[in-house]
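Here is a friendly walk through a model that you can turn on your screen while you read. Please keep the viewer open as we go.

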Amino acid sequence: MAKRNIIEKAIDWSRRKSPWIIHFNAGACNGCDIEVVDALTPRYDVERFGMLLKGTPRHADVLVCTGAVTLQTRDRLKRIYEQMPEPKFVLAVGTCACSGGIFEDCYCVSGGMDTVVPVSAYIPGCAARPEAILDAVVKLLTSLEKSQKAIDN
Amino acid sequence: MTDNVQGSLLAKFPYLESKIKEQRQGRIFLDPLQKEQFWPVFDYIIDELGYKDFHMLVGRDSGETMHVIYLLTDGGANMLCPKLEVEKENPVIRSIYSRFSNCTWHELELVDLLGFVVEGLPEGLPNYPLPDGWPKGSHPLRKDWKVEYFNKETLTYNPPSDI
Ligand code: SF4
């Protein structure tokens, strides 16, 4: 891959330092959503890593997704994913999002997040703890940094 | 207080003899009743016995027949649950919308999940809670519905023809 020029480097740097996220509930029981909110609010405060919750997928780099994908949300999830600008990342928060969890094989559930969109990081746990969410975010950003460095060297 | 309830129910409707069960203090259940017997009891419970709060209703496929269980409370800790029984081939029930307008989404669930026909629901309500494009006439909470015959990709239900 070609080396990045200074502008691309600046864009990548800023993306790494301030990824914007969108939170989508694809059929969670709300347990994981509460943990996502906990991670966002001052007690755990992902904003200190520059993350910012956005209301629209068009502004977001990371899709934070909870719950097993139901048949009703399947197309909506796809549409939200398609609206996000490249490059985009998906965090599957909670066991349901990773594999379908206890809802797997239910008649109205399509399965885990990866049955519909490609997933960058899986965060297991029922519900996933806020520390685990933060850990996944930091790991995602670190691996991004590594791959960008690898391109340059 | 709940003894009075049982007493007045029995005095008014002798056919409830041995059909009233008090599982524990303040939880009274009636055995399933056919609609001719059910609706007078239902009205009496609300108008005369003061169980004026509609808590929720539950549909049930018992195998041979279909049941609707109405959970009514008196505004306190006491609950009275009359049950309506209908034939499986013709599961038509009357909506309680005129009394309790919050019944709509419970009754829509009966329609979608168990295939009840609810008469008297307002026009123009969406289907709920099954996804858009769900195959008509396929009701996943019925005992004879099997998830193996349901195709999630095409949203079609194809049971083998000998069933
Ligand atoms: S993983 Fe647990 S808490 Fe999270 S959506 Fe599933 S059931 Fe709810």
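Predicted model: local features only at pLDDT ≥ 70, side-chain atom pairs only at ≥ 80, totals over all residues.

Residues are numbered from 1 along each chain as its sequence is written, with chains lettered from A and ligands numbered from 1 in the order in which they are written.

Let's start with chain A, which holds five helices and seven strands; helices (H or I, at least four residues) and strands (E, at least two) are DSSP runs, numbered from the N terminus. Read from the N terminus on, the elements follow the order α-β-α-β-β-β-α-β-α-β-β-α. Chain A is as compact as a globular protein of its length, because its radius of gyration (over C-alpha atoms) is 16 Å, close to the 15 Å that the globule rule gives for 153 residues. That rule is 2.2 Å times the number of residues to the power 0.38.

| Property of chain A | Value |
|---|---|
| Span of the C-alpha trace along its principal axes | about 50 × 35 × 25 Å |
| Share of the 153 residues that count as buried (20 or more other C-beta atoms within 10 Å of their own, placed from the backbone) | 37% |
| Share of contacts (C-beta atoms within 7 Å, placed from the backbone) with a separation of 6 or more that join residues 24 or more positions apart | 81% |

Next comes the ligand. Which residues surround it? Among them are Cys29(A), Cys32(A), Cys96(A) and Cys126(A), where a residue is near if its C-beta atom, placed from the backbone, lies within 6 Å. Helix 2 (31-40) and helix 4 (95-99) of chain A each give two or more residues to this shell. The shell residues divide into six nonpolar, six polar and no charged, with Cys counted as nonpolar and Gly as polar.

Now for chain B. Strand 1 (residues 20-24) pairs with strand 2 (residues 27-30) in the antiparallel sense over four bridges; pairing takes at least two DSSP bridges. Lys21(B) stands opposite Phe29(B). The two strands form a hairpin with two residues between them, and Gly26(B) in the turn has a positive phi of about 80°.

Finally, Gln37(B) lies in helix 2 (residues 35-47) of chain B.

Methods: Buried ≥ 20, exposed ≤ 12 C-beta atoms within 10 Å, placed from the backbone. Contact = placed C-beta atoms within 7 Å.
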